[in-house]
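This briefing walks through selected features of the structure shown below.

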Amino acid sequence: MKPAPFDYARPRHLAELLGTLVDGDVLLAGGQSLLADLNERKRSSRRLVDINGIGALQRLDVGPDSVVLGALTRHQTLADSPEVRAAVPVLSCAAARVGHAAVRTRGTLGGSIANADPAAELPGIGVLLGASAQLRSPDSSRRVDVEELLHPRAIGEQEVIVAIELPRMTSRDGWGFREVSRPGAYAFALVTVAATLRLAVDGTVSALRAAVTGAAPAPYALGDAAGELIGREPDQEWFGAVADLLVGRADPVTDLYASAAYRRRLIRHLTHEVLADALQRAREAMS
Amino acid sequence: MTGVEINVNGRQYGLEVEPRTLLSDALRDGCGLTGTHVGCEHGVCGACTVLIEGRPVRSCLMLAVQADGQDVTTVEGLAGPDGLNPLQEAFRAEHGLQCGFCTPGILVTLTAHLADHPDATEAELRHAVSGNLCRCTGYQNVIAAAVRAARSASARSASAQSDETEPTATGPGETSTAPTGPTATGPVGIEPATTGPLGTAITRREDHRLLSGTATFVDDIALPGALHAHFVRSPHAHASIVTIDTSTTRGIQGVVGVFTGADLAAWTVPLRVAPPIDGLVPLETESLPTAKVRFVGDPVAVVVADSRYTAEDAAALVRVEYEVLQPALDLAASLEGRAPLVDETVDSNVVFREHFSAGDAATAFAGAHRVVRTRFSHQRMTHAPMETRGCAAVWDAGRAELTMYTGTQVPHPYRTQLAARLRLAEHQVRVIVQDVGGSFGQKLIVHREELAVAALARHLDRPVRWREDRIENLTAALSAREDSAEVETAVTADGRILAVRARLTSDFGAYALFPANYMLRVVAMMLPNAYRLADYEYDMTVVLSNKIPASPMRAPMAICTWVTEGTIDAIARDLGLDPVEVRERNMLRESELPYVTAVGETYEDITPYRTYRTALDAYGYAEFRRRQHADRKAGIYRGLGIACLVEPTTYGSAFYRSAGIPGSGHESAWVRIDPSGAVVASVGIAPAGQGHETTIAQAVAAGLGVRPEDVAVRLGDTEVAPYGMGTRGARSGTAGGGAALLAAQRLKDKVLAIAREQVGTSGAPGSGAADGSGLDVRDGEIVRAKDGGHVGTGVALADIARTAYLDPLSLPPGMEPGLVAHLAYDPPPMTYSNAAHLCEVVVDPVTGQVRIERYLVAEDAGTMINPKVVEGQIHGAVMLGTGGVLYEGVSYDAEGNNLTPTFRDYVLPSAQEAPRIEVLHCGTPSSRTPGGMKGMSEGGVMGSIAAVTAAINDAIAPFGLVMEDLPITAPRLSDLLAGRTAALPTE
C-alpha cells in the first residue's frame, strides 16, 4: 500500500525545526517503522517534518565520563564507530543486532527511543546504562531519563529528542547482550537481556546492571534491586538470583508470536548467557 | 508536487514527485528503472533494496524527496558496460536465482557487504542476506554464489595488494558445466550425459536479464496512460453487504470511477465449478460479491484512478455498510452442522464427501497384532510468491481485442477461461506472460481481480493495470494445506502393515475456485506411498469456511508423506522397533514392479528402496544413532527424520478422465528452422522461475541436433505458443520438454529427408549413402556415420533451411516447403518419481529453536534435462516444506480477522533458517516418456514436511512428546517441553 497524502518540511537547523513545529506534525528520522506504518495507512499525518538535514542532531561526542550521541546517530554508526565501540561496547553490540544492514543504514537512536517498541534493543540499552535524553521544544528544554521516555505520551507534541547521553563504560566493565528474535527476515527481537558488571579484586561482584526488553510494556532494569547481589561470588546460584529478580519484574503478554511463559523463560535463559559473557569480559579486563 | 534531483547510477534525473512518493516508485516510474522490485512495502522482504551513497537502504521505506541530491545505485548500475560483474556472474554460475524477482535486492545487499567485508565467511554472508526473502531457491545457491563472489573478491583484493595479475581460476564469466552442484556428491546411478544437450548443467539464458535488472515483470511493462485499479476489501469475515456508497469519491481528481459486483455481474459470467464427481456439491462464485462477503479481504468494489496512490485514497473513502454475520471458522462445527452457512445456495458447509474402500480392511484389523493410531494436522499456508499477483489489460476498440498481460502459469487455459467469462470469442483475447516472480500454484486461475481489470479495460476503453500489494496477497490471494488426517493402521508384531483406515478433512475456505476434492484426493491417492498396502479405506470431507479460498500449492498432496512416514515412525515406537527396520519390512522393491496400488495407480520405473538405501548409506545411519545417544547424555537433543516418497508428476489426460476432471494433460510444441538456419521453438508451458527457456532449448537441441544456445525459445504468448495446458503439477519438464523433444525429432526427420537429396546431389564426401541411413545432425551440421563416429558432410542446417524455404523445387517430390514441426504430446496417466529425505536437527529445549544440522536428499527423477535446475527445484521445495513445519501459517482470530497480513507476521524463512541440502541423483529413466524424463518439483515439499517433523519428534522423544500439529514454532515447542523431564538414555 501507499501512504495517504501529507505535507513535507525539511528544516536545516534546530532553530528552524523548533520554529516550524505545530501540533500534529510527525517527525521523520530514520523512518524504518514510521514509513511502514504510513505505507499501511495505519498512521497518517498532515505533515511530516524530516529532521535528517539537521546537523546538530548528528553529533557524536565521547568525553571522559559520558558519551553524547545526537538523536540522528544511525544504528550503523553505533555498531561500527570505533569511538562508540570503545566507549559503550554494549550499545554497539545491541545496535548491530537491530534489523538488517539496510535498516541500520537509516534507523536512528533517537527514533528508536521515540518509537519505544517494548522489545527493541536500543531503548533497553538506554535503560541499562541509565541514559538521559536532551529534549527541546519551541519554548523549553529539558533533560530526562530515557527510562521515563519509554511510556506513552512521555514526549510532548512539539518536543524533539536532540541527543542521548550515556555514561561511558570503563575497561573494568564486563558486559553482555543477547536476544532471541522472531525467525525470518523481519527478525524483530522477542526478548533481549543486557548486563554490565564489575568485579572487586577478590573476585566478588562490585557493580551490576541488567535490563530486559520484550517482557513488559516498557524495558526495565534491575535498578536498586541489584544491591543485594553486590559483594557476592558470581556463581551459578548468583546467576539464578539475578534471573529470579529480572523474571520477578516481568509483566509479559501472550500474543501471536509467543506466550508470556515463554518470554519469562527467555529472560532466565538469556540472563545466564549474558552474565557468563559479562563475567568473562570482566575477568579478562582484570587479568 | 516537488522537484527533486536524484543521481541514479551516475545519471542525473529531475523528477516531479508528491511528498509521499516512495523512492521505490520514483525509481521505477519516474526514472524508468524497473530493476528495483517492490515485494512488500513494509521493509521486510528486501527486494527494493538500493544503495544510497554506497549504503543499502529499503527504497520502500524512504521518500523520494529524501533522496534529493543523493547518489543512488540500483541493480541496473551494478554491471559495467561489458556485462555482468563478478557478483552477478557468480549468481549465474551457481544458479543462485530462479524467478529472479528478489535477486536485485540480494545483489545490491551483497555488493555493499562485500565492499566492506571482502573476506566474509559463509556464515557472515548468510547473515548479510537474511534480510532478503527468496521463495524459490531455498537460499542454497544464493549462498553458494555469495561465497563464490567473496572468494573472487578476496582474491582480487589480495592480488591487488600483492600487485599480481587477476586470478583466472574462479574468475568472472566462468560458466558451470559440471553435472552436479558443489554440495552434491555426484550421480549414484547412471551417469547423466554430459556431452549432449540433455543432462548438462548449462547456465540459464534467463539469468542475464534477471541479474541486470532488465527483465520484464508485469509491473515493469510500460503502458502510457494506463489507469490503476485498487480493490476495496471486506474488513469482516462474514457479512451481508447492505449498501455501497461510492459517491464520496466523486470529484477527487484522478478518480475515473468505482465499480461493484453489480457492474461486474453485467459485464461478466460467474465461475461455476461443477464437474460430475460423486459427492461433490456444485458451487458458483460471483465475479465480485454482490450480497455478502465471505472472508476478510474479499473484494467488494474496485476503484480506477490515474495513479495507485489516488486509487488507494479513493478506496479509503468508499463507504460499505455491512451487517456482520457469525463466521464459520471451526471445521468441527461445520461437520456437525452447527456453523453458519458460508454459501446459502447449498444446505451445508460440507461440499465434498467420499468413502473409499479397497480390499478387506475389516478382516485385517480384526486379525491385527495391534492397531496404531496417528493424527496429523497441517496449518493453513499461503504461496507468497515474491511477485504478488497482478495484470495489465489493454482493450483495442478498433479491433475489438483484449491483450492481457499477467503472470499465469497456464496462458492458454487462462485465455479460454477469460474469454468465456467476458463473453468474448477466444480469438479476441491474447494473453502475454513475460517474466514471473514465482507462483507455486497461486497464478493458476483467472482471479476475480484480474477478471475485473480486464472487464474494466474494455468498459472504459483505457489500459487498466493492477498490482496486488503484499497485504492483499497474504490475506486475499489464495491459501492452502489446512488438511488433517486421523489414521488407524493394523500391524503385525514385527511391524508389517496389514491395513490402513484414514479420515481426511480439509478446510477449503470461502469459495470453490477449484473442485473441492481437488487437493485432498491426491493426498488420499498418495497415502500408500512406497509401501505394500492392499487393504485401504479412507473417508474424505471438505468444508467451506470464512477464510481465504484454498487452492493447490506446490505439492497439493504434500501432507501424504508426513502421514505415512509419521505412521511408520509411530509403528516403530509402539512396537519398540527401529524405524529403519519397519520401512525395510514394508517397502516395495523394484522386483515387485509394476505395482498397482490400492487406489489403482500403477507404479513402474521407480526406485524407492534404492533412494532409501542410497540416502541411509551416504548418511551413516548407525553412526548417527551412536552420536545421538552420546549427545542425549550431555543434554543435547538430536534427532533424525526419514522420509521416503513417491511423487506423482505430469498428470496425463487419462488421469484427469479417471478423476472426473474435465481437461487435458497434453502439451504442445512447435519447432521452426528459419531460412537462415535459426532455430526457434515454443511450448504451451509458462515458467515462474523454473528456467524453462533454458531447459526447452536443451530438449530441442537434443531432438534436432543443434547447440542449446542456438535455439530461441518463446513462451507465454498465446499468439505465439501452441495450445498447451501450461505449467503445473511437476509437468513442464516431461510434458513440455517431452513435446519439444518430439517436435524437434520430427523436424529433424524432415531435415534429414532434405539432406539425403542435398548430400546425394552435391557431390559431398560419402554421397553414395543416398539412402540416408547414416545421416544425422550434430551441432547444426549434417554428419554421416563412419567408423563408430561421425564425419561432416560440409552441409549445414542453414543450407537445408535455405533449400526448404527458397528453393522448394529442390525438395524431395511432394514435400511441403518450409521447416516447421508442430506436435501435441499426451503423457502417460502418471509419471512417478521418488526420493528419500534425511534430516538431522538439534532441538534446544529451552528456546524451542530447531537447528537443521544436515539435510540429504536421494532423488530419482529419471533423465534430467539440466541437473542444476533439478537441484534448484529440490532446494526450493525443501525450504517451502520446512517453512510450513517451522514458521509459516495463516492465522485467524475468533472473529475471523486475519492475524498474519504482513511479512512481519507471516514468517517466510530467511537464509539464516535455511539448511544446507545435499542432493544425490539416481537417474532411472522412465520407459514411457520421451528421453526417460520424470517430473520432480513437488517431492521436496512432500519429503521435507515429513522429514523435518520426524527429526524433531526423534529429538524430543526423551520428553515423551510427539508433535502432531504444525507449525512447530520455537515458542510453541518450548511451551510444550516446559515442565517435562527428559528420560535419560539407557546404556
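Which residues of the largest nonpolar core touch the most other members? In this predicted model, the core holds 411 residues, and those that touch the most other members are B:V671, B:V700 and B:A740.

- Leaving aside residues up to four places away in sequence, B:V671 touches B:V679, B:A681, B:V700, B:L704, B:A740, B:A743, B:A744, B:L747 and B:A821.

**The contact between chains A and B**

- Chain B brings 52 residues to the contact, and chain A brings 39 residues.
- On the side of chain B that touches chain A, the elements giving two or more residues are strand 4 (55–58), helix 3 (103–116), helix 8 (308–317) and helix 25 (970–977) of chain B, and the largest share, five residues, comes from helix 8 of chain B.
- Sorted by class, this side of chain B consists of 25 nonpolar, 14 polar and 13 charged residues.

**Helix 2 and helix 3 of chain B**

- The axes of helix 2 (residues 86–93) and helix 3 of chain B come within 10 Å and cross at roughly 130°, and the two helices of chain B are therefore oblique to each other.
- The crossing of helix 2 and helix 3 of chain B is right-handed, and the contact is made by B:L87, B:Q88 and B:F91 of helix 2 together with B:T103, B:L107, B:L110, B:T111 and B:L114 of helix 3.
- By class, this contact has five nonpolar, three polar and no charged residues.
- Helix 2 of chain B is mostly covered, with eight of its eight residues buried, and the buried residues include the charged pair B:E89 and B:R92.
- After helix 2 of chain B comes B:H95, whose phi is positive, near 55°.

**Backbone details in loops of chain B**

- B:L593 and B:P594 are joined by a cis peptide bond with omega of about -5°, and B:P594 is found in the loop between helix 16 (579–586) and strand 25 (595–596) of chain B.
- A cis peptide bond also joins B:L966 and B:P967, with omega of about 0°; B:P967 has its place in the loop between helix 24 (939–955) and helix 25 of chain B.
- B:D461, a residue other than glycine, has a positive phi near 55°, and B:D461 counts as exposed because it has 10 C-beta neighbours inside 10 Å.
- B:D787, in the loop between strand 32 (781–786) and strand 33 (789–796) of chain B, has a positive phi near 50° and counts as exposed, with 6 C-beta neighbours inside 10 Å.

Terms used: Residues are numbered from 1 along each chain as its sequence is written. Chains are lettered from A and ligands numbered from 1 in the order in which they are written. This is a predicted model: local features need pLDDT of at least 70, side-chain atom pairs count only at pLDDT 80 or more; totals for chains, interfaces and linings use all residues. A nonpolar core is a set of buried Ala, Val, Leu, Ile, Met, Phe, Trp, Tyr and Cys residues joined through C-beta atoms within 7 Å. A residue is buried if 20 or more other C-beta atoms lie within 10 Å of its own, exposed if 12 or fewer, and partly exposed in between; C-beta atoms are placed from the backbone. Two residues are in contact if their C-beta atoms, placed from the backbone, lie within 7 Å. Helices (H or I, at least four residues) and strands (E, at least two) are DSSP runs, numbered from the N terminus. Axes are lines fitted to C-alpha atoms, for helices over the stretch in contact, and angles run from 0 to 180 degrees between N-to-C directions. Angles under 35 degrees count as roughly parallel, over 145 as roughly antiparallel, 65 to 115 as roughly perpendicular and the rest as oblique. A crossing is left-handed if the near helix is turned anticlockwise from the far one by less than a right angle, and right-handed if clockwise.
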